[in-house]
Amino acid sequence: MEINKILVVGDKYSEYANGKKALTISQLELLAKLPDNLFPGEHELIAGQGVCKHKAKKVIDDIGNNQRLKRKLKTCSVEKLASEHKNRHTHKWDERNILIGQAEKVDHKLDMYALPLVIDDNCELMGDHQTGQHVQGMLLVEACRQAFIAVTEEFVYQKQSDKYYVINSMSIDFANFLFPLPAIIHFEFVEKDVNERRGRFKARMSVMQNQTVCASMDVSFAVYSAKTILVKEGELAESATEAVVSPSDHFNMEQDCA
């Protein structure tokens with residue numbers, strides 16, 4: 001018997017779900033409370049983007065409490081989303097704002113890694129309205145930023161927590177719309193120069209969906225001990241403040257206002 005697949009996305013991607021073999025997580029939550037004959041055959045649920053973990057857990061519990069429905073719905077993908085930890089090496093405190101899953105080294109010779117894209121409806125970059133059916137570009141920029149920090153911290157610095165990352169340049173190209181479907185970030189170190197004082201890196205990332213490159217980023221960054229950079233940052237902050245509040249500048253600002 002053929003198993004139909006249904007994509008499950010976050011509520012903010014309701015425009016995408018409309019008219020497709022897709023449900024928002026809230027729609028699935030309601031269906032899980034209704035008679036199981038709404039699903040005439042077996043279906044496999046595929047977790048897409050935007051699904052928040054607490055709603056995923058709630059839906060899994062509701063389906064689990066209905067044995068007949070449980071036999072009709074294969075929920076492995078949604079269960080995995082609900083149970084797996086996101087990447088904790090991103091320097092983010094709130095898990096909702098973490099946009100990537102665990103990194104996996106996929107090619108030791110070429111120093112290449114892969115990380116799943118995992119967007120939560122409630123993340124900081126989804127706080128406003130979503131335009132159209134695709135994933136907004138700034139989410140991909142932030143996901144790539146998190147990716148280079150996470151991979152470097154886990155695989156170069158062995159999860160040391162006293163590191164401070166300084167971005168020198170970021171360049172991103174958008175090639176295709178990325179939709180709220182499963183997606184992978186492919187990461188590759190292009191250059192590494194590490195000594196006791198600092199590390200300098202160049203890396204390249206590609207955001208892939210259905211074997212298609214949707215966005216690619218080149219980044220150059222440096223890594224220092226937090227103690228070293230915080231002292232320098234404090235000195236620069238003091239200097240910048242003095243430049244603004246010094247008497248001569250204050251006079252010029254008053255003249256501008258007049």
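Gln211 sits in the loop between strand S9, residues 198-209, and strand S10, residues 212-225. The model is predicted, and that applies to every value I quote this morning. Gln211 is not a glycine, yet its phi is positive, at about 65°. Most residues other than glycine have a negative phi. Gln211 counts as exposed because its relative accessible area is 76%.

A second residue belongs in this part of the talk. His91, also a residue other than glycine, has a positive phi near 65°. His91 is found in the loop between H5 and strand S5, the latter covering residues 104-107. Is His91 buried, partly exposed or exposed? With 41% relative accessibility, His91 counts as partly exposed.

The loop between H5 and S5 also holds Trp93. Trp93 counts as exposed, with a relative accessibility of 85%. From Trp93 to Val166 the separation is 73 residues in sequence, and 19 Å in space from C-alpha to C-alpha.

Let me now turn to helix H5 itself.

Next, helix H2. Ile25 belongs to this helix, which runs over residues 25-31. Its relative accessible area is 1%, so Ile25 is buried. Setting aside residues up to four places away in sequence, Ile25 touches Val8, Val9, Asp11, Val51, Lys55, Ala56 and Val59. Ile25 and Gly50 are 25 residues apart along the chain, and 8.8 Å separates their C-alpha atoms.

I continue with helix H6, residues 137-156, where Gln146 is located. Is Gln146 buried or exposed? Gln146 is buried, its relative accessible area being 0%. Which residues does Gln146 contact, once neighbours within four places in sequence are left aside? They are Thr90, Lys92, Asn97, Ile98, Leu99 and Ile100.

Val156 is another residue placed in H6. Val156 counts as partly exposed, at 22% relative accessibility; the cut-off for buried is under 20%. When residues up to four places away in sequence are not counted, Val156 touches Val151, Phe189, Lys192, Val194 and Phe201. Between Val156 and Leu34 there are 50 Å in space, C-alpha to C-alpha, with the two 122 residues apart in sequence.

Beyond residues up to four places away in sequence, His186 touches Tyr113, Ala114, Arg204, Met205, Ser206 and Met208. For His186 and Arg204, the sequence separation is 18 residues and the C-alpha to C-alpha distance is 8.3 Å.

I close with the protein as a whole. How many helices and strands are there? The protein has eight helices and 10 strands. Its radius of gyration is 23 Å, whereas a compact globule of 258 residues would have one near 18 Å. The C-alpha trace spans about 75 × 60 × 35 Å along the principal axes.

As to burial, 42% of the 258 residues count as buried. Among contacts with a separation of 6 or more, 66% are between residues 24 or more positions apart. The protein exposes about 14,700 Å², of which carbon and sulfur atoms supply 52%. Turning to charge, there are 32 positive and 37 negative side chains. The centres of these two sets lie 8 Å apart.

Conventions
Residues numbered from 1 in each chain as written. Predicted model: local features only at pLDDT ≥ 70, side-chain atom pairs only at ≥ 80, totals over all residues. Heavy atoms only, no water. Helix = DSSP H or I, 4+ residues; strand = E, 2+ residues; numbered from the N terminus. Rg over C-alpha atoms; globule rule 2.2 N^0.38 Å. Buried < 20%, exposed > 50% of the residue type's maximum accessible area, 1.4 Å probe, protein only. Contact = heavy atoms within 4.5 Å. Areas by Shrake-Rupley, 256 points an atom, 1.4 Å probe, with all protein chains shown as cover. Lys, Arg positive; Asp, Glu negative; His and termini not counted. Charge placed at Lys NZ, Arg CZ, Asp CG, Glu CD.
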